[in-house]
Amino acid sequence: MRGRLIALEGIDGCGKSTQARILAERLGAVSTFEPGATALGKSLRALLLDRQEAPVSTRAEALLMAADRAQHVTDVIVPALESGRWVVTDRYSPSTLAYQGFGRGLDREALEALVGWATAGLRPDLTVLFDVPVLVAATRRSGEDDRMEAEGEAFLQRVADGYLTLAAESAERWLVVDATGTVEAIAETIWEAVEALDGLDGLPNPGSGGIR
Ligand code: TYD
């Protein structure tokens, strides 16, 4: 049986990485992320997120994100799904639509075509959006801002609003969680949505320790 793909999305500092760990562990899923989960992706990630001397154009940024995703799908996601594993990915195509589309202002239709082509049309079974006020997310981030975080509050607000638009458009495949809640409460909300995907039958090792 083919595994399922769950994507976690949200602005920087929304807490999705913690939940990715918890969910992947509970599911016995492959836990992965974008950008940078493959050998090629590591180089792309540095180009994309390190502060560059020469500015990266917005179109180049979108293409590099898509290149990272194409390699990720081919090397990591599809092989795992085909072997029957579930996959939890920290970011996927909606990140490009939210950041490069709503954030940077690139054309939505063009980006849809780009990410559709990069992923050969592979869509998540469920996308979880971590909804958190931009200012709350900012206080949770640690370390120096990367190139994207350095864009500032107005940019991140456009990204956050864009995510909500995307979620509302495909409500049957998205779960929006209030990411200001406790780690435990958020984990439980996500787990309920995962169980509802197609009942316990669809989960690996039904009835074994991983499922409460
Ligand atoms: P990362 O350090 O992985 O941030 P986070 O922990 O918040 O996921 O950095 C990823 C950054 O890249 C983040 O600011 C979002 C941005 N990004 C895009 O702009 N477009 C994309 O398609 C992807 C995958 C990420």
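**Notes on salt bridges and a helix pair**

1. The structure holds 11 salt bridges, a salt bridge being a side-chain nitrogen of Lys or Arg within 4 Å of a carboxyl oxygen of Asp or Glu. Please keep in mind that this is a predicted model, where local features need pLDDT of at least 70, side-chain atom pairs count only at pLDDT 80 or more, and totals for chains, interfaces and linings use all residues. Residues are numbered from 1 along each chain as its sequence is written, and side-chain values use heavy atoms, with hydrogens and water left out.

2. Have a look at Glu 9 and Arg 91, whose side chains form a salt bridge with an N to O distance of 3.9 Å. This pair links distant parts of the chain, 82 residues apart: Glu 9 lies in strand S1 (residues 5–9), and Arg 91 in the loop between strand S3 (87–90) and helix H4 (93–103). Helices (H or I, at least four residues) and strands (E, at least two) are DSSP runs, numbered from the N terminus. Glu 9 counts as buried because its relative accessibility is 0%; Arg 91 is buried too, at 11% relative accessible area. Here buried means under 20% relative accessible area, exposed over 50%, and partly exposed in between (1.4 Å probe, protein chains only).

3. Next comes a pair within a helix. Glu 112 and Arg 108 form a salt bridge, with 2.9 Å between the closest N and O atoms. These residues are separated by about one helical turn, because they are 4 residues apart in helix H5 (residues 108–118). Glu 112 is partly exposed at 35% relative accessibility, and Arg 108 is partly exposed with a relative accessible area of 28%.

4. Arg 141 forms a salt bridge with Glu 149, the closest N and O atoms lying 3.9 Å apart. Both of these residues are buried.

5. A network of salt bridges links Glu 61, Arg 104, Arg 147 and Glu 151.

6. Now for the helix pair. Helix H3 (residues 58–82) packs with H4 at an angle of about 170°, their axes being 10 Å apart. The axes are lines fitted to C-alpha atoms, for helices over the stretch in contact, and angles run from 0 to 180 degrees between N-to-C directions. H3 and H4 are therefore roughly antiparallel to each other, a label for angles over 145 degrees.

7. The contact (heavy atoms within 4.5 Å) is made by Glu 61, Ala 62, Met 65 and Arg 69 of H3 and by Ser 93, Thr 96 and Gln 100 of H4.

Key. Angles under 35 degrees count as roughly parallel, over 145 as roughly antiparallel, 65 to 115 as roughly perpendicular and the rest as oblique.
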